[in-house]
Amino acid sequence: LVDPATQGFCSERLGRLRHWVSSQIENKKVAGMLVGVIRNGRLVFMEGAGNQSDEPRTPIARDSLFRIFSMTKPIASVALMILYEHGLFALDEPISKYVPCFANMRVAVGGKYPNIETVPCTTAITFQHLLTHTSGFTYAFIPDEFDVHKEYEAKKVQFTSLEAGGVRKDTLKDVCERLATVPLLFQPGSKWTYGVSTDVVGYLVEVLSGQPFEEYVKKNVLEPLGMVD
């Protein structure tokens with residue numbers, strides 16, 4: 001920690017964060033929290049409170065590990081772009097060239113699940129669409145006007161389902177094949193929505209590299225960056 005004043009911060013006002021962190025734990029908003037403030041690469045404030053797990057009860061520490069959820073998206077995308085640098089695909093290429101199940105997608109235009117009206121996809125999904133979340137894929141937990149998300153639930157389009165011990169129930173290929181039977185929310189490239197596009201990126205990394213996604217990312221992204229955790 002450095003003196004906050006050297007980076008233009010008021011120590012007294014930063015202290016208010018300490019009270020806010022404590023209030024979040026006391027009001028049971030979260031089980032544990034670690035808050036840091038950095039300016040110009042210098043850490044000026046760090047405060048932790050609560051527990052990182054209830055059983056066993058483990059207090060939050062500065063080196064506690066947190067599940068980072070969607071911040072794995074840039075990691076998967078970097079892995080794909082490494083393969084792009086090797087000349088293995090073009091950004092404007094249809095992904096169906098490498099994953100044929102996405103060749104004849106349909107797009108929702110009316111009705112609601114389970115009676116969604118669809119039309120043929122007029123624009124092929126490209127690598128660029130996946131990387132910019134303009135593919136038409138969504139998430140099972142994001143409501144939409146056609147209830148396409150309910151079909152995601154019904155067909156178990158879930159890339160994160162794990163068995164005990166962290167073993168994946170389905171392969172990325174399995175889930176992508178189910179995803180390909182669900183209509184897109186819109187014609188690729190016409191709109192933006194958050195969704196499973198980056199999960200498909202993960203499968204493309206497997207297809208293009210010939211290696212399991214986890215192995216490729218570990219060797220080519222995490223280890224070179226010293227991301228040992």
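Reader: Why is the sulfur of Cys 176 too far from that of Cys 101 for a bond?

Author: In this predicted model, the sulfur of Cys 176 has its closest cysteine sulfur in Cys 101, at 6.2 Å. A disulfide needs the two sulfur atoms within 2.5 Å, so this pair is too far apart for a bond.

Reader: And what makes Cys 176 count as buried?

Author: Its relative accessibility is 0%. Buried means under 20%, so Cys 176 qualifies.

Reader: How many disulfides does the rule give?

Author: The count is 0. Cys 121 is in no disulfide either, as its nearest cysteine sulfur, in Cys 101, is 13 Å away.

Reader: Happy to move on to the rings! How many aromatic pairs are there?

Author: The search of the whole structure finds 7. One of them joins Tyr 139 and Phe 141.

Reader: Why is the pair of Tyr 139 and Phe 141 called stacked?

Author: Their centres are 4.6 Å apart, and pairing asks for centres within 6.5 Å.

Reader: Are Tyr 139 and Phe 141 buried or exposed, and how do you know?

Author: Tyr 139 has 12% relative accessibility, so it counts as buried. Phe 141 has 59%, and exposed means over 50%, so Phe 141 is exposed.

Conventions. Residues numbered from 1 in each chain as written. Predicted model: local features only at pLDDT ≥ 70, side-chain atom pairs only at ≥ 80, totals over all residues. Heavy atoms only, no water. Phe/Tyr/Trp six-rings, centres within 6.5 Å; stacked < 30°, edge-to-face > 60°. Buried < 20%, exposed > 50% of the residue type's maximum accessible area, 1.4 Å probe, protein only.
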